[in-house]
Amino acid sequence: MHNLILKGFGALKSFWHFLKIVCVFCVILLLLFWIQNLTHSNWSWMTFFAPFLTGLLDIANSIYSLSFNLWGAEFELKYISALIILVALYFCMNLLIMLTSLLEAGYKSTHFICKKTQEIAFNKKMQEKITKEEERITNYVVTIHTKIKPKFSHKELNVDINKQNEIMLEFIKEKLSKDPIAFEGGYMYSFNDFNNVDKVLEILFKLVKGTAPIEQAICIQVGDNLQQLQKLINLQYYGKIIMAADTSYRYRFNKTHRYKTSQVGLFQNDDKTIEVHEFEEFL
């Protein structure tokens with residue numbers, strides 16, 4: 001419909017331009033008709049236009065009727081009146097073209113504002129829908145895998161990783177009142193309030209920054225995408241708290257953000273690429 005209206009404006013302006021050409025053509029015809037009458041000639045091709053020109057002259061004569069003789073020739077001012085009418089019509093066409101252009105510009109401006117208003121309303125509605133959908137995702141899991149830090153891996157230090165894991169699990173239970181389940185050679189914790197994930201992150205960062213002889217590879221995954229969680233675990237990213245892009249995106253919808261997220265990189269897993277992010281503390 002919008003394009004049809006624009007074509008209508010274009011057609012209307014073309015019509016006014018056509019009438020301008022007609023006015024110029026009529027001025028030339030009128031001058032030739034005047035010359036024919038002054039010279040008492042009889043041009044056969046002028047016969048076709050004579051009824052129109054005679055009618056125009058009658059209208060002009062009713063507006064201003066005056067004639068005089070000069071050197072034996074009779075000059076009738078109705079021709080001048082007719083010329084003035086045609087010239088006036090010519091400039092009227094210019095005014096109509098300007099008016100049509102102004103109306104077209106006004107329509108385009110109004111259409112643009114309406115379209116932008118609709119887009120803003122649509123985007124707002126979509127954003128509200130996305131926000132509600134994301135906020136419905138509240139369950140998430142945390143997996144922890146451990147290994148002895150390189151500087152403690154010498155046999156003479158005799159670090160017992162099982163004992164260190166027990167100390168770590170006891171610390172988590174004391175802080176979060178949670179017991180893990182065994183998962184892929186590590187531990188998995190399940191939670192159901194991602195809006196308060198910052199409280200869990202606080203404990204996890206204490207583990208990552210701790211002085212214990214073990215280090216952790218921690219993965220967080222919202223929802224129930226265990227296949228994606230497995231891909232994160234396979235990266236064995238020790239010393240970081242990592243997540244996939246969907247978890248990072250979900251974190252944006254939390255009302256509070258005590259931690260920031262940044263992209264670690266893109267990793268190829270079989271025939272698919274996974275975008276990995278990490279939680280970081282604000283400096």
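Modeller: Happy to! Let's start with Glu184, which counts as partly exposed because its relative accessibility is 48%; here buried means under 20% relative accessible area, exposed over 50% and partly exposed in between, with a 1.4 Å probe and protein chains only. Before going on, note that this is a predicted model, where local features need pLDDT of at least 70 and side-chain atom pairs count only at pLDDT 80 or more, while totals for chains, interfaces and linings use all residues. Residues are numbered from 1 along each chain as its sequence is written, and side-chain values use heavy atoms, with hydrogens and water left out.

Glu184 belongs to the loop between β4 (181–183) and β5; helices (H or I, at least four residues) and strands (E, at least two) are DSSP runs, numbered from the N terminus. Although Glu184 is not a glycine, its phi is positive, at about 50°. Gln236, also not a glycine, has a positive phi near 50°. You will find Gln236 in the loop between α6 (226–234) and β7 (241–244), where it is exposed, with a relative accessible area of 55%.

A cavity is a set of points on a 1 Å grid over the protein atoms alone where a 1.4 Å probe fits but cannot get out, and lining residues have an atom within 4 Å of a point. The count comes to one cavity of 30 Å³ or more, and the largest cavity holds about 30 Å³ of space; grid points are joined across faces, edges and corners, and the volume is what probe spheres set on them fill. Its lining is made of Val142, Ile144, Ile172, Leu176, Tyr189, Phe191, Val200 and Leu204. By class, that lining has eight nonpolar residues, with no polar and no charged ones.

The structure holds 10 aromatic pairs; rings of Phe, Tyr and Trp (its six-membered ring) pair if their centres lie within 6.5 Å, and planes under 30 degrees apart count as stacked, over 60 as edge-to-face and the rest as tilted. Tyr140 and Phe194 make an edge-to-face pair, because their ring centres are 5.1 Å apart and their planes meet at 85°. With Tyr140 in strand β3 and Phe194 in the loop between β5 and α5, the pair therefore ties together parts 54 residues apart in sequence. Tyr140 is buried at 2% relative accessible area, and Phe194 is buried too, at 0%. Tyr249 and Phe253 are another edge-to-face pair, 5.1 Å centre to centre with 75° between the planes. In that pair, Tyr249 is partly exposed at 29% relative accessible area, whereas Phe253 is buried at 13%.

Definitions and conventions. 1 Å grid on protein atoms, 1.4 Å probe; cavity = no way out; pocket = protein on both sides within 12 Å on 5 of 7 lines; lining within 4 Å. Nonpolar A, V, L, I, M, F, W, Y, C, P; charged D, E, K, R; others polar.
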